[in-house]
Amino acid sequence: MGKFFLSLWGNLKLGLLNNILSMVFSLSLQLSILKMSAPQESHRPYLRFGNPFKMMSPKGSYLSSKLLALLNSFEETLAGRLKSLKPADKEDILKLSWMKQAISTLCAIHTDVKTLITDLGLPVSDWDEKWIGVYLDNSLKMLDMCVAYSSEISRLSQGHLYLQCGLHNLDGSSAQFMKARSSLDGWKQHINSKNQRLENCFAILDSLTESLNLPKIKNSAKGKVLMHAMFGVRVATVFICSIFAVAFSGSAEKLKDLQIHETCLWTEAFVDLRDFISGEIRSIYSGGRFTVLKELEAVDVGVKKLYPVTQDGIDPTDSEQLELLTLDLTKKAESFSEGLDLLAKETDRFFQILLTGRDALLCNLRVGSTVKPVQPNNNVHEQMVK
């Protein structure tokens, strides 16, 4: 039995653990190579945002019917995507399937704005220099958050190893309760540990929120359309990423509500989604639950039911109870692990979309623009390498 256990543990480590850690290393490596951020400034709190047209359009600016149609089409699509994220049942909020859908929605939104740029026929040479600097800095921050979320997903996935070993020790007629209890203790300790990268996400989100007040683009109707569209993209991105950060952190303390005026076609859908999701998160945490992640909570409940058995053992005549408890936890653990795997893949897809968009802009700058890319921040690069 000892050889079998060691073999199982070795295979799990060589398989699952190496795969999930290699994904985080790959993302970190790509990001460290492309580090190009502006000098860091002190982070300021979330702000209230006004009419983006007032911020970016001088009085009397004119949009042709074609440009207005492009903008309206983009905003209507954005509104539809936001509406699709509001589940019919509040119990579906922050299931891993919902989180995967949220990341998929971000992928679609960022792809939509790329399509809009193509439809506008707006070459990089016509882009405002200050806005390019903001875009490069913001895209880098979003890549940083993707790496942080991937590392947290991998950390949670590693906890599955403890559960598998604990369940293995309870399988069969010769249950090893002491070893099973040790594995479950390891799972509890691992899940309750902190991920420092998540703490950095809140500072990044503050910075991204501040940058929603994008600089003006003068004398370019196409630029104004793009600016208005990017305002919506950034609001959606910051909101969804902030929900992820709060969900992974295990506390609603840093949950912020983005406040915007009702000036866009997607505003009503956004406000409705924001209030629904934020309200449920606050309700969950105020009730004393340690996580808003539904599958993780289910696993935790299963562990708590099984743990007393590992302490006190079980009457041989009541082996059916042990079988039911182990089967229940096995199903919940597998569901959690599979959900994390799908979420990790979708997070990586979002990372790649951000990366290719950034690469395309930098390529165009090198080919035909006189705008100088933002210089790398060596301090940030060193942190990523470490």
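Analyst: The chain exposes about 18,500 Å², of which carbon and sulfur atoms supply 53%. The model is a predicted one. Of the 386 residues of the chain, 51% count as buried.

User: How is the secondary structure of the chain made up, and in what order do the elements run?

Analyst: The chain has twelve helices and two strands. Starting at the N terminus, the order is α-β-α-α-α-α-α-α-α-β-α-α-α-α. As to contacts with a separation of 6 or more, 85% of those in the chain join residues 24 or more positions apart.

User: What is the confidence in the chain, and where is it lowest and highest?

Analyst: The mean pLDDT of the chain is 80, and 74% of its residues reach 70 or more. Helix 12 (residues 378-385) has the lowest confidence, with a mean of 39, whereas helix 3 (residues 65-84) has the highest, at 96. Over residues 33-60 the pLDDT is below 50, and this stretch has 78 contacts in the model beyond near neighbours in sequence. Residues 369-386 also have a pLDDT below 50, with 34 contacts in the model beyond near neighbours in sequence.

User: How do you know that the sulfur of Cys-146 is too far from the closest cysteine sulfur for a bond?

Analyst: A disulfide requires two cysteine sulfur atoms within 2.5 Å. The closest cysteine sulfur to that of Cys-146 is in Cys-241, at 6.6 Å, and therefore too far for a bond. For Cys-201 the closest cysteine sulfur is again in Cys-241, at 8.1 Å, so this pair is also too far apart for a bond. The structure holds zero disulfides.

User: Why are Cys-146 and Cys-201 called buried?

Analyst: The term applies under 20% relative accessible area. Cys-146 has 3%, so it is buried. Cys-201, with 1%, is therefore buried as well.

User: Why is Ser-249 called buried, and what is Ser-249 in contact with?

Analyst: Ser-249 has a relative accessible area of 18%, which is under the 20% limit, so the residue counts as buried. Its place is in helix 8 (residues 221-249). The side chain of Ser-249 reaches the backbone oxygen of Ser-251 at 3.4 Å; the cut-off for a polar contact is 3.5 Å. Leaving aside neighbours within four places in sequence, Ser-249 is in contact with Lys-194, Leu-198 and Phe-202.

User: What makes Ser-337 buried?

Analyst: Its relative accessibility is 16%, under the limit of 20%, and therefore Ser-337 is buried. Ser-337 lies in helix 11 (residues 319-368). Ser-337 and Leu-296 are 41 residues apart in sequence, and their C-alpha atoms are 9.5 Å apart in space.

User: How do you know that the span of helix 4 agrees with its 25 residues?

Analyst: At 1.5 Å a residue, helix 4 (residues 96-120) should span 36 Å, and its end C-alpha atoms are 36 Å apart, so the two values agree. Helix 4 is followed by Gly-121, whose phi is positive, near 65°.

Note on methods:
Residues numbered from 1 in each chain as written. Heavy atoms only, no water. Buried < 20%, exposed > 50% of the residue type's maximum accessible area, 1.4 Å probe, protein only. Helix = DSSP H or I, 4+ residues; strand = E, 2+ residues; numbered from the N terminus. Contact = heavy atoms within 4.5 Å. Areas by Shrake-Rupley, 256 points an atom, 1.4 Å probe, with all protein chains shown as cover. Expected span 1.5 Å × (residues − 1). pLDDT = per-residue confidence, 0-100. Polar contact = N/O pair within 3.5 Å; in protein donor to acceptor, adjacent residues only side chain to side chain.
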